Amino acid sequence: MGLLQLLKSQFLCHLLICYVFLVSGLIVNLLQVFTLPLFRIHKQLARRINCRLGYAISSQMVALLEWWSGTDCVLYSDPQSAKLYGKENAIVVLNHNFEIDFLCGWTFCERYGVLGSSKVLAKKELAYVPLIGWMWYFLEIVFCKRRWEEDRTTVVQSLRKLRDYPENFWFLLHCEGTRFTEKKHRVSMQVAESKGLPKLKHHLLPRTKGFCVTVQSLRGTVSAVYDSTLNFRNNETPTLLGVLNGKKYHADLYVRRIPLDSIPDDEAGCAAWLHKLYQEKDQFQEQYYQTGRFPGPTVSLPRRPWTLLNWLFWASLLLYPLGLLVVRVVGAGSWVTILGTVALCIGASVGVRWMIGQTEIEKGSSYGNRLMTRQLEARQQPQPKQNAKQC
Ligand SMILES: CCCCC/C=C\C/C=C\CCCCCCCC(=O)SCCNC(=O)CCNC(=O)[C@H](O)C(C)(C)COP(=O)(O)OP(=O)(O)OC[C@H]1O[C@@H](n2cnc3c(N)ncnc32)[C@H](O)[C@@H]1OP(=O)(O)O
Ligand SMILES: CCCCCCCCCCCCCCCCCC(=O)OC[C@@H](O)COP(=O)(O)O
């Protein structure tokens with residue numbers, strides 16, 4: 001292990017990175033709260049400011065991937081389509097197999113200049129994750145409970161609000177609805193069989209409702225669907241803890257641009273279209289496992305300095321006062337203050353560890369673990385006796 005790699009694995013380094021992330025995140029969240037009145041006076045300006053503020057938080061995590069872990073992110077795409085990336089609104093359909101797929105997604109957003117404005121249909125639980133979830137509230141992220149009866153109105157309402165968004169955005173949809181596990185895969189393939197759909201080897205069966213309402217609600221606003229398939233070389237199973245420890249991964253992303261006009265608007269047609277798309281994605285993954293490559297050429301997409309500069313800005317702003325504080329606390333020699341400071345550090349580490357836990361698949365939800373759908377369950381509930389009086 002080289003000296004630099006040894007340094008990257010040190011707990012003290014992680015503590016300092018997390019300190020910068022936590023304190024800067026809280027400052028940004030506070031600034032975001034101050035923009036609330038602006039949403040009433042000049043909504044578009046408030047949105048633009050929030051894109052920049054959001055960037056100040058999310059780009060720190062991208063910097064961690066690009067500059068600290070040095071992870072390679074290679075884009076496979078048709079060069080003509082790639083010229084449009086970042087210059088139009090798009091719906092991104094991405095597989096959901098990896099703990100850091102959100103971070104790789106963010107990295108491609110960053111390289112195409114849409115990180116601050118990137119959007120996602122996210123599970124409601126993520127809205128409560130400190131810093132990131134709070135930041136998302138101001139970025140008008142669309143949340144769902146993954147209970148369609150409750151989501152259908154709220155999701156459509158939130159999507160419609162994006163129609164006049166002032167910045168180009170990518171709207172991410174993990175149509176599988178949850179991370180891939182063997183169990184969820186087995187269950188979803190039973191659903192596929194019951195619906196007469198071909199089995200998928202590398203994906204869960206996509207849930208079509210979110211995709212169809214997104215297409216319907218954003219037609220005229222969004223130009224294309226970016227069908228995106230992510231995998232890692234050498235069967236790597238990347239984790240956020242690995243990234244924090246400076247481990248270098250090798251991500252490959254295959255993106256196809258599909259004009260939105262070519263996607264059916266009616267629900268049945270749109271759902272069938274999505275199922276076919278996932279069958280194709282499955283073939284791309286199979287090809288990747290067989291050959292180590294996705295189809296087509298790669299596009300050169302170097303990392304930009306902005307994420308690093310943003311981190312250096314926050315680090316220089318926040319590490320100096322931390323140093324002063326440590327000197328004072330130790331200099332004062334008061335055990336109460338020292339123990340208080342140590343307790344605060346432990347509390348912050350536990351908090352960050354909990355946040356990292358949100359990305360871990362083994363701590364994931366049980367959504368998709370059971371075969372029975374709520375609709376089926378509802379049907380199988382004992383029916384209330386209609387003619388009780390007659391009996
Ligand atoms: C280019 C690079 C990338 C760029 C990146 C861009 C932006 C980045 C931005 C942010 C990065 C941060 C990322 C954070 C990621 C967080 C992601 C998540 O939180 S994923 C979870 C939430 N999102 C979703 O679930 C979206 C997909 N889901 C849907 O669309 C759903 O339809 C729904 C709207 C959520 C509603 O779900 P619900 O379960 O209530 O209902 P459904 O009708 O969908 O389900 C019933 C339906 O499904 C069939 N069924 C039942 N069981 C299964 C099963 N196990 N598997 C598959 N299908 C099943 C059932 O038969 C019903 O079928 P039918 O529809 O025919 O009735
Ligand atoms: C500079 C960086 C400092 C590093 C400090 C670490 C901070 C940790 C930040 C945690 C960020 C949390 C962002 C959450 C994004 C996770 C996305 C995700 O993958 O969600 C899972 C859902 O899609 C599906 O859930 P499941 O049904 O599979 O369950």
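Helix α13 covers residues 306-332, and at 1.5 Å a residue its 27 residues should span 39 Å, which agrees with the 39 Å between its end C-alpha atoms. The expected span is 1.5 Å times one less than the number of residues. Helices (H or I, at least four residues) and strands (E, at least two) are DSSP runs, numbered from the N terminus. The model is predicted: local features need pLDDT of at least 70 and side-chain atom pairs pLDDT 80 or more, while totals for chains, interfaces and linings use all residues. Residues are numbered from 1 along each chain as its sequence is written, and chains are lettered from A and ligands numbered from 1 in the order in which they are written.

At A315, α13 bends by about 25°, the angle between axes fitted to the seven residues ending there and the seven starting there. T307, W311 and W314 of this helix are buried, that is, 20 or more other C-beta atoms, placed from the backbone, lie within 10 Å of their own. An α-helix has 3.6 residues a turn, so residues three or four places apart point the same way. The buried residues of α13 pack against α2 (11-34), α4 (43-68) and α6 (101-111), with contact meaning C-beta atoms within 7 Å. After α13 comes G333, with a positive phi near 70°.

Helix α6 also gives the largest share of the shell around ligand 1, five residues. In total, 39 residues surround ligand 1, and the closest are G105, G177, S188, K209 and G210; a residue counts if its C-beta atom, placed from the backbone, lies within 6 Å.

Conventions. A residue is buried if 20 or more other C-beta atoms lie within 10 Å of its own, exposed if 12 or fewer, and partly exposed in between; C-beta atoms are placed from the backbone. Two residues are in contact if their C-beta atoms, placed from the backbone, lie within 7 Å.
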